[in-house]
There are 2 protein chains.
Amino acid sequence: MFSPLIEDLIRALRCLPGVGPKSAQRMAMYLLEKDRDAAGLLASSLQQAVEKVGRCSRCRTLTEQDVCSLCHNPRRDHTLLCVVETPADVLAIEQAGNYHGLYFVLHGHLSPIDGVGPADLGLDLLGERLGEQVEQGISELIIATNPTVEGEATAQFIAERARAKGVAVSRIAHGVPIGGELEYIDGGTLAHAFNSRTVL
Amino acid sequence: MFSPLIEDLIRALRCLPGVGPKSAQRMAMYLLEKDRDAAGLLASSLQQAVEKVGRCSRCRTLTEQDVCSLCHNPRRDHTLLCVVETPADVLAIEQAGNYHGLYFVLHGHLSPIDGVGPADLGLDLLGERLGEQVEQGISELIIATNPTVEGEATAQFIAERARAKGVAVSRIAHGVPIGGELEYIDGGTLAHAFNSRTVL
Ligand SMILES: [Zn+2]
Ligand SMILES: [Zn+2]
């Protein structure tokens, strides 16, 4: 129906998460009919980001800088380090707004079946970070990997290594979300909430 | 929160229709974390389309070819010409599947207040098409502009010009959608449906 270049564009737009065939068509028509400047800008932003965005040499989050702005920030608490699976998790925690330490981004979790081992998650770099005694060293490692089988296994693995270096380790709490209604919470979460109950 | 190049990418993604701040972030993270090949491909598809996609010299639809595949197709009925506002309208009619003639794309409607006049809509080219007597000429011009004030005015303007050239002109029907329930149809549509009632 459309010409080859337009079909190519629609196909490429469909690779975006949450974009089905109808929205990809609508996006292509919009860009070509109404806003070619935006299309050109998006093309160059993508090109620039793909070429230049790498990982922070301290925390491995996505950035084109050698050291990211969070790791650079003297107003953060450099004695706390929070381990997360993805840069999106950093954003979620930052938006919650009550954590003021640093992060370490794994970009995944241990998954022997997919060939993802400690080296792929930057655990050597994490080990170095925990061994450093620059100014104050890390006083607490907070593990915020996802509460999945792989996320838990990764948390255990990291916790053992950190304890071996004498660093205090904690795991963020999992349970019924605040404001969540019990009747809509899945069984696994409820079971965890009971097992992890605290004394009042 | 994100580095400048990532913020630029998120901002550029937000120009896509239907993409809010959250989805733009999710898209940027997905492309940079999971699929840089897709990001590179999208960048080059956008670049190619912006540079090369122009308008068909016969029907003005979007294409990188001089004459689009629809205008080229010998199996279409070249005596019927349907006037639409946008290339997306061509797609909608093609998907309905019962029209087999050719199209003419205005890329808008007459709108003196926005400075959009007949020349902007390619009405000179349309006039030439209607005057042609290649093989069989156009036997009927079907006007399918939108049923808005501007779309109606545009339809009237084109109809007069076509009649002056001795071409039969028709307008697609407007009324209650098939399968639509009367109680949910807006008043304007209902009023039109009554005024345009046909004898049974
Ligand atoms: Zn960093
Ligand atoms: Zn054409």
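The following legends describe close-up views of a predicted model.

**View 1. The zinc ion (ligand 1) and its protein donors in chain A.** The donors (N, O and S atoms within 2.8 Å of the metal, or 3.2 Å for Na, K and Ca; water is not among the atoms, so sites may look incomplete) are the SG atoms of A:C56, A:C59, A:C68 and A:C71, lying 2.3 Å from the zinc ion. Their spacing in sequence is C-x2-C-x8-C-x2-C. The arrangement is tetrahedral because the four donor atoms subtend angles of 105 to 117 degrees; four donors count as tetrahedral if all angles lie between 85 and 135 degrees. For four tetrahedral donors the ideal angle is 109.5 degrees.

**View 2. The annotated region at residues 56–71 of chain A.** An unreviewed UniProt entry places the feature "zinc finger region: C4-type" here; such annotations may be inferred rather than shown by experiment. Helices (H or I, at least four residues) and strands (E, at least two) are DSSP runs, numbered from the N terminus. Both A:C56 and A:C68 are buried, meaning under 20% relative accessible area (1.4 Å probe, protein chains only).

**View 3. The surroundings of B:R76.** B:R76 is found in the loop between helix 4 (69–72) and strand 3 (77–84) of chain B. With a relative accessible area of 12%, B:R76 is buried. Beyond its neighbours within four places in sequence, B:R76 is in contact (heavy atoms within 4.5 Å) with residues including B:L70, B:E94 and B:Y99.

Residues are numbered from 1 along each chain as its sequence is written, while chains are lettered from A and ligands numbered from 1 in the order in which they are written. In this predicted model local features need pLDDT of at least 70, side-chain atom pairs count only at pLDDT 80 or more, and totals for chains, interfaces and linings use all residues; side-chain values use heavy atoms, with hydrogens and water left out.

Notes:
Buried < 20%, exposed > 50% of the residue type's maximum accessible area, 1.4 Å probe, protein only. Tetrahedral: all angles 85-135°; square planar, octahedral: opposite > 155°, others 65-115°.
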